[in-house]
Amino acid sequence: EVVIAMFIATVAVMAILGLQPAAWRASAQADFLGRAAGMLHQELQRREAWIMNPCNAVTTGTTTATVRTSGQNSNQPGDAPFNVTTTIAALGTRTWRVTVTVAMPGYRPISESLIVTRQESYRFPAGCADQ
């Protein structure tokens with residue numbers, strides 16, 4: 001009985017060890033996806049706040065930047081570069097579509113878009129001319 005119990009325990013440990021590489025991959029993917037989602041959200045909010053202020057000029061087109069989660073220009077320990085592509089397209093008078101795509105190394109990119117309009121309550125400084 002002891003030999004059988006040892007055999008069953010050994011098989012169970014080997015099965016658990018076989019799952020470890022998949023768990024590490026899933027953990028790494030979740031880490032990259034979480035970082036990319038944070039960058040995407042931050043870029044969308046930044047562009048939205050800029051466009052909503054009638055005092056700011058809006059430049060349409062596409063820009064691409066390499067962003068690191070540390071905010072530094074070079075890689076830091078645990079850092080990874082992400083390519084952030086932002087496209088601003090005019091939809092009409094005082095209305096724009098902002099699309100942000102974040103590409104992660106080794107994974108499919110994530111993307112989100114937002115329609116933004118001018119808001120008088122965001123006018124700063126007061127009395128500026130519309131752009």
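Predicted model: local features only at pLDDT ≥ 70, side-chain atom pairs only at ≥ 80, totals over all residues.
**Entry 1**

I then looked up Arg94, which is partly exposed with a relative accessible area of 33%. The side chain of Arg94 also meets that of Asp130 in a salt bridge, where I recorded 3.5 Å from N to O. Here too the pair links distant parts of the chain, with Asp130 in the segment after strand 4 and Arg94 in the loop between strand 2 and strand 3, 36 residues apart. For Asp130 I noted a relative accessible area of 44%, which means that Asp130 is partly exposed. Which residues are linked with Arg94 in a network of salt bridges? I listed Glu120, Arg123 and Asp130 alongside Arg94. For the model as a whole, I wrote down a count of seven salt bridges.

**Entry 2: a pair within helix 1**

Next I turned to Arg47 and Glu43, which form a salt bridge with their closest N and O atoms 2.8 Å apart. Arg47 and Glu43 are four residues apart in helix 1, so about one helical turn separates them. Are these two residues buried or exposed? I found that both Arg47 and Glu43 are buried, which means that each has under 20% relative accessible area.

**Entry 3: the largest pocket**

I looked up the largest pocket and noted about 190 Å³ of space in it. Its lining includes Glu43 and Arg47, the pair from the previous entry, together with Met39, Gln42, Arg46, Thr63, Thr64, Ala65, Val67, Val84 and Thr86. The elements that give two or more residues to this lining are helix 1 (2-52), strand 1 (61-68) and strand 2 (81-92). Which element supplies the largest share of the lining? I found that helix 1 does, with five residues. By residue class, I sorted the lining into four nonpolar, four polar and three charged residues.

**Entry 4: a nonpolar surface patch**

I went on to a nonpolar patch on the surface, formed by Ile4, Phe7, Ile8 and Val11, and recorded about 430 Å² of accessible area for these residues together. Val11 is found in helix 1, and its relative accessible area of 43% means that Val11 is partly exposed.

Last, I checked Thr62, which is found in strand 1 and counts as exposed because its relative accessibility is 52%, just past the cut-off of over 50%. How many residues apart in sequence are Thr62 and Gln45, and what is their spacing in space? I noted 17 residues in sequence and 17 Å from C-alpha to C-alpha.

Note on methods: Residues numbered from 1 in each chain as written. Heavy atoms only, no water. 1 Å grid on protein atoms, 1.4 Å probe; cavity = no way out; pocket = protein on both sides within 12 Å on 5 of 7 lines; lining within 4 Å. Points joined across faces, edges and corners; volume = space filled by probe spheres on them. Nonpolar A, V, L, I, M, F, W, Y, C, P; charged D, E, K, R; others polar. Patch = residues over 30% accessible without salt bridge, like charges linked within 9 Å, V, L, I, M, F, W, Y side chains within 5 Å. Areas by Shrake-Rupley, 256 points an atom, 1.4 Å probe, with all protein chains shown as cover. Salt bridge = Lys/Arg side-chain N within 4 Å of Asp/Glu carboxyl O. Buried < 20%, exposed > 50% of the residue type's maximum accessible area, 1.4 Å probe, protein only.
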